[in-house]
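Please open the model in the viewer and keep the selection panel at hand.

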Amino acid sequence: MRIERKHIISALLGIGVAALLIWGIDDKPKVTYHHNEGKVFGTYYNVRYEAESDLEDAIQSAFESFDNSLSMFNPHSILSAINANRDTTTDAAFETMWAEADRVYTLSNGAFDITVAPLVNYWGFGTKDKGQWTKDQNAIDSIRTFIGFEKVRLENHHVIKADPHVMLDAGAVAKGQACDMIAEVLRSQGCENYLVDIGGEVVAHGVNDKGLPWRIGITKPNLNNEGAQSELQEILAVSDICMATSGNYRNYYYEGDERRSHTIDPRTGWPVQHPVLSATVVSSTCMRADALATACMVLGADEALAMIERAGDASCYLIVAQKDSLVTITSPNWIESNR
């Protein structure tokens with residue numbers, strides 16, 4: 001049975017990246033490419049791969065295992081147990097996430113922080129309904145007393161909290177980590193050519209069924225249309241890439257005349273307001289790209305570029321609102337490594 005969760009994070013709506021898949025033609029030798037698609041974690045997935053047989057059962061099993069570890073919306077998951085202060089033992093998926101969260105927390109100077117969950121809930125993008133709270137600085141300051149990755153530690157497969165109010169949100173790495181997990185399932189079955197797309201986060205390797213590099217599109221933000229964003233800002237032809245995009249142009253709501261973005265700065269407690277609309281990051285894993293893309297959205301352009309340089313294994317492509325137009329800003333290594 002397929003997993004169909006409402007959400008795993010506040011903003012799993014397919015932000016920014018669309019996989020453009022090229023179909024084979026009849027006059028070439030046939031190769032067996034399979035296509036599995038559906039809903040998972042509140043978004044859509046598409047997996048294409050060359051294999052002797054369909055691997056959908058293995059893919060679904062990996063999704064279920066991941067959901068049981070890191071979903072905030074599965075009451076039986078490890079993450080939910082930790083947030084509810086129930087004693088539980090962490091697993092490999094959780095500990096992989098934890099190590100990456102620790103790394104990017106340090107790289108971003110606290111802009112990426114998985115303890116942001118209470119603030120995400122407060123602003124109406126998590127497990128609580130929008131509008132439940134009165135938005136005021138005193139309330140935010142109160143919540144911030146139990147925000148901070150330094151307030152938790154992992155010891156002997158258990159999460160130890162400095163305060164029981166601390167809650168974790170793995171949403172900013174979830175799609176990327178799930179892409180890595182499905183890619184590993186495919187590799188373990190001998191697949192050399194595949195594309196995994198979960199809500200726009202992508203792992204691609206080898207070639208498509210036409211023998212050409214996979215084509216990946218970066219979506220152009222459209223603030224004047226709350227529905228589909230179908231126009232592409234750029235198309236990349238790639239054979240080996242882990243890429244993730246975070247953006248502020250789809251998942252938001254209005255409170256009076258104020259636009260509330262789903263990207264929350266854990267250092268201030270407020271939704272970010274700078275003009276970066278979309279951050280696409282390529283890195284050594286899709287989980288790392290996902291976390292770094294979120295951090296870019298919190299930091300803004302200048303600090304994001306500095307963080308990407310510190311990371312050493314990443315490049316970024318930022319789309320920034322400038323008056324009535326959009327401009328792109330890229331890290332120095334973007335073109336040569338990703339075009």
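Begin with the buried residues of helix α8, which pack against α3 (92–107), β13, α7, β14 and β15. The model is a predicted one. To display these residues, select Ala301, Ala304, Met307, Ile308 and Ala311, the buried positions within α8 (residues 301–311). They lie on the same side of α8, because the arc they cover around the axis is only 125 degrees. In general, an α-helix has 3.6 residues a turn, so residues three or four places apart point the same way.

Next, select Asp302 and Glu309: both are exposed and sit on the face of α8 turned away from its buried side.

Now display the strands. The eight of them form an open sheet with antiparallel pairing, in the order β2-β3-β6-β7-β10-β13-β14-β15. Select β2 (33–40) and β15 (325–330) at the edges; each has a single partner strand, so one side of each lacks a neighbour in the sheet. On average, neighbouring strands of this sheet are turned by 10 degrees against each other, direction ignored.

Within the sheet, select residues 240–247 (β10) and 276–283 (β13), an antiparallel pair joined over five bridges. Here Met243 stands opposite Val282 of β13.

Two helices that pack on the sheet complete the tour. Helix α1 (residues 56–70) touches β2, β3 (43–50) and β6 (194–198), and its direction makes about 140 degrees with that of β3. Helix α7 (residues 286–299) touches β7 (201–205), β10, β13 and β14 (314–322), with its direction at about 155 degrees to that of β13.

Conventions: Residues are numbered from 1 along each chain as its sequence is written. This is a predicted model: local features need pLDDT of at least 70, side-chain atom pairs count only at pLDDT 80 or more; totals for chains, interfaces and linings use all residues. Side-chain values use heavy atoms; hydrogens and water are left out. Two strands pair if DSSP finds at least two bridges between them. Helices (H or I, at least four residues) and strands (E, at least two) are DSSP runs, numbered from the N terminus. Axes are lines fitted to C-alpha atoms, for helices over the stretch in contact, and angles run from 0 to 180 degrees between N-to-C directions. Contact means heavy atoms within 4.5 Å. Buried means under 20% relative accessible area, exposed over 50%, partly exposed in between (1.4 Å probe, protein chains only). The arc is that of the directions from the helix axis to the C-beta atoms.
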